Amino acid sequence: MTSVLARSAALVGCLLAFAVARAAEEQRLTLPLVENFGGDSIPAEWKQDLSKDNSIAAKDGQLVFAARANTFAHISRPLGIDSFRATVAVKPDGSANWAPSIILYWDPSNWTQVNFRGGSFAAATPYVGRRESGGLVESYGLLDQDMGQFYQFRINDGQIVPKPPPKDQPWRCIGVEIDRGNVRALTSDDNGKTWVILREMPRDNDVYRTPPKMLIVGKGMSDPPRGLAKPDMDNDFGDRGPIVESRMKELRVVALQDVADNPARPSPVELRDTRGEKILAGKDDPSFDSVAPVFPPMKYGRELVGIKDHRDDFTIFPDGAVHRTGGYVYLEVGTPPAPVRFGSGGDEDLPAKMLYRGHLPIVISTWEHDGLKLEQTVFAHSENFSADAPIFAYLRLRVSNSSDKPRALHVAARGNVDAKPPLVEWDLKIPAGGDTSAYARLPYRPDGKVDQPSAGEFDRLLEKVANHWESLLHSAATIDVSAEPRVNDAYRAWLAYNFLNVDKIDGVYHPQDNSAIYPAVFGISAAWYCQMLDDYGYHDDARRYLESLLTFVQPDGTFIVNYGLPDAGALLMAIEHHYRATGDGDWLKSKLPMIVKIADRFLARRLESRSKQSPADKWYGMVFEQPYCDYTEKAYDFVADLTLAGGLLAAGDALKDAGVANEAERFRVEGEAYRRDILAAMKRSVVERDGQKIIPLFPQTHALLKAADFTAIDYYGLQAGQILEKNLLDPNGFEARSFVDMLEKRGGLILGTCRFAGGIDHAYTFGYWFNCIQRDEPKKAILGFYASLACGMTRDTYSGVEVTFLKTGTNYPTLPHLYSGTQQLNLLRAMLCCERGDDELVLCAATPRPWLADGKHIAVRNFSTRFGDLSFTIDSHVDARTIKITLDPPTRTPAKVIRVRLRQPTDRPVRTAKVIDGRGDVAVERDDVVLRNAAAGPVAIEASLD
């Protein structure tokens, strides 16, 4: 009996296994599948998933989706197979996350989609989204595609904006293919005859290693961290949006072996910085003249005009229009009905601009029309230069006539582009060979009238405003490079723009990345700005702004202000830096409760994350939180953690010196343990690609690497620059070298600056440049300095931007940009002066050799260092084979060693050096003059060349 039962059970088991196998076989898609949707109904093999009010219909060989923009409407079939290519043609509907797509689906947390949609950088471009357990990967366009082609300058509101997609969307060919090791997103620009790889991402987790369960075609989204967790991409957004129409056709799913003779080709990208390396290979240092011709200048300059710390700033648009609250004012020249707007005429006829005296926030725009030269000058003023008083823009239009006959010109000032009467009008008579001017005073908050100051009033106030700014910009550190006046103008312009990007609001100072475009504080950017101000001697401003940032700390100690997790670490480092720069222990002690609250909050975050980890996890000891504003879900991120660890170590060092021993020791122990965990995680997380060892900045998902095909393009490169900048890694160690190699060898740089969206985001490169200076590779830092001047900002008004698209010269509208100005000033300071360890100061480690040509000098006054204030002058007489160095060294905590690098343009090495005034021991080490045991007071040294 038992035997019979056993045989029966075995038979049932066999039948069940057969049934399961048969069911699994039926779930496998048979290839090839060619779906032309030629009938008037969708084939029964396809399952339809529709949200309320949505429909899908087959019509004329097309799938027609009529659906609300942010809802699901798609068809699907089981897959259960590997090694195939699926392609389709699509007419998008203008939606974003729910754009009509082709999707490989495993489960709600694991899927890959390809579509054509808008995003941060373009109105319509190929898009790849990959959700995997632990993270999201997103990428737009072809690898390293210049997104500048998708932008335009909209004159009506002075904005650089994405070009709108065409009203009649063309068919876009997209696809996805999968083999044993990778998933590849595809696009085609020849109607599917050939295919280009958008991104190739490895199948590197347990779910992705199994065959995808389903092919989905149409609209849908799944994002469990945001509550969109229903299966099969059947999720809607809260705002369902309007009804929109999209179409798809010519769906094909074929085995890879059947298209082996037509493989998808990689997106072309240069992994080496060939242009930059060519300049670096030259005998001479990089220069502005060697860098500037490589790419066109930035097209769309914007400048700020205002009063330091004032909430209200005027923006000068690319065409010279003056923006204020509620719109802008522009000049119209000529007699109706055919007047012309000042600065109009398209991209090639925008006004030339310059700053008054070369560097002040007073903008001069020049433009020619009908044989006349028009020059517009704009500055801002408030009573007593108060940040709290009403502010006005003063405008002068000077019209010059070079002909031998007098001319007449009607000019009107108008608000925006409308049919309203002009704010003010002039009928100007311009004498032969002479000029005539008109004047206006514009309130920031329009009240319907515009005053007309006299010429004398305008001129007197212009000089008063100019002298006020000169006094401010000379009140702390000053730099004089006699060989290159551009440098002297640029650094003062960067300081002025950054002061204007600080808005005093209800008594609190808000350092904003751009007060016109980004009217918000970004914590890490504001903290680094305060550090830079201390380096340049603006200690009172740094203190005011730091105390304002502390008002953003939440009751539980959280300091995340628009940027992300690193904000808290950056703030603690900035507080320590201020203490080092000023020696103000009383101020530091007064901030102790807040320092402890901030530090304990992110230590609690670390403890919470670690409680859910195993010591075997690659990311053990790291914090699982949203790392920064452009990556909006929780992740492990080395930049965030290292910045937090740096904040702890900085706080511990400062508090120890200030005599707060217990808290100092606690922070030191916690900071060192945190840093050890991070370095260990870096080593555990290393991956290898093409023989190169790579540290993934997101160790759990490798999201930034996957988004850029394991190159350093885009966000990986930006984060690599960030991780190098605060001296938290050994500059010659494996970790720092790995990030440098990624930038230099895997596509991270153009002209020595960080590559982003087909252009550059130069400010994020500072860490790389600083590392080059630390490793004694000055030419690389100099290349970055001139690339920033030539491509990262307007060449004549020094207005720095986030992103410049190099091929077109198109740029983001976010200029002048606080973070850009801060990093430009940081680079210049590091070229002229940087601390090395706790006891050495290095001067002129990366100054271009022509700066010390015969008869030239470099003079620095009142740089702030961790040792105290520093001034020095280097006078070059290389034709007479001598260079004179005059030093007023820091005395608060004197440096044991002051090293002066004499990079000069001749081939003659430094032979000897002697102290000719003051006291100290001097020696020569290669091109360095090394001063030890310097007594208080100035020291003069004469160096002799062979």
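A: Proline 816 sits in the loop between helix H17 (778-791) and helix H18 (818-832). Helices here are DSSP runs of H or I with at least four residues, strands are E runs of at least two, and both are numbered from the N terminus. The peptide bond from leucine 815 to proline 816 is cis, and omega is near -5°. Keep in mind that this is a predicted model, where local features need pLDDT of at least 70, side-chain atom pairs count only at pLDDT 80 or more, and totals for chains, interfaces and linings use all residues. Residues are numbered from 1 along each chain as its sequence is written, and side-chain values use heavy atoms, with hydrogens and water left out.

Another cis peptide bond joins leucine 31 and proline 32, with omega about 0°. Proline 32 belongs to the loop between helix H1 (2-26) and strand S1 (33-35).

Loops also hold some positive phi values. Aspartate 232 isn't a glycine, yet its phi is about 65°; look for aspartate 232 in the loop between strand S16 (214-219) and strand S17 (243-255). Aspartate 232 is buried, at 15% relative accessible area (buried is under 20%, exposed over 50%, partly exposed in between, with a 1.4 Å probe and protein chains only). Asparagine 727 has a positive phi too, near 60°, and lies in the loop between helix H14 (715-724) and helix H15 (734-745). Asparagine 727 is partly exposed, with 41% relative accessibility.

Strands pair if DSSP finds at least two bridges between them. Strand S38 (residues 753-756) is joined to S39 by two bridges, and arginine 755 stands opposite isoleucine 760 in S39.

Now for the helix packing. The axes of H8 (residues 566-582) and H10 (residues 592-611) come within 10 Å and cross at roughly 150°, the axes being lines fitted to C-alpha atoms over the stretch in contact, with angles from 0 to 180 degrees between N-to-C directions. H8 and H10 are therefore roughly antiparallel (under 35 degrees is roughly parallel, over 145 roughly antiparallel, 65 to 115 roughly perpendicular, the rest oblique). In contact, meaning heavy atoms within 4.5 Å, are Ala568, Gly569, Leu571, Leu572 and Ile575 of H8 with Ile595, Ile598, Ala599 and Phe602 of H10.
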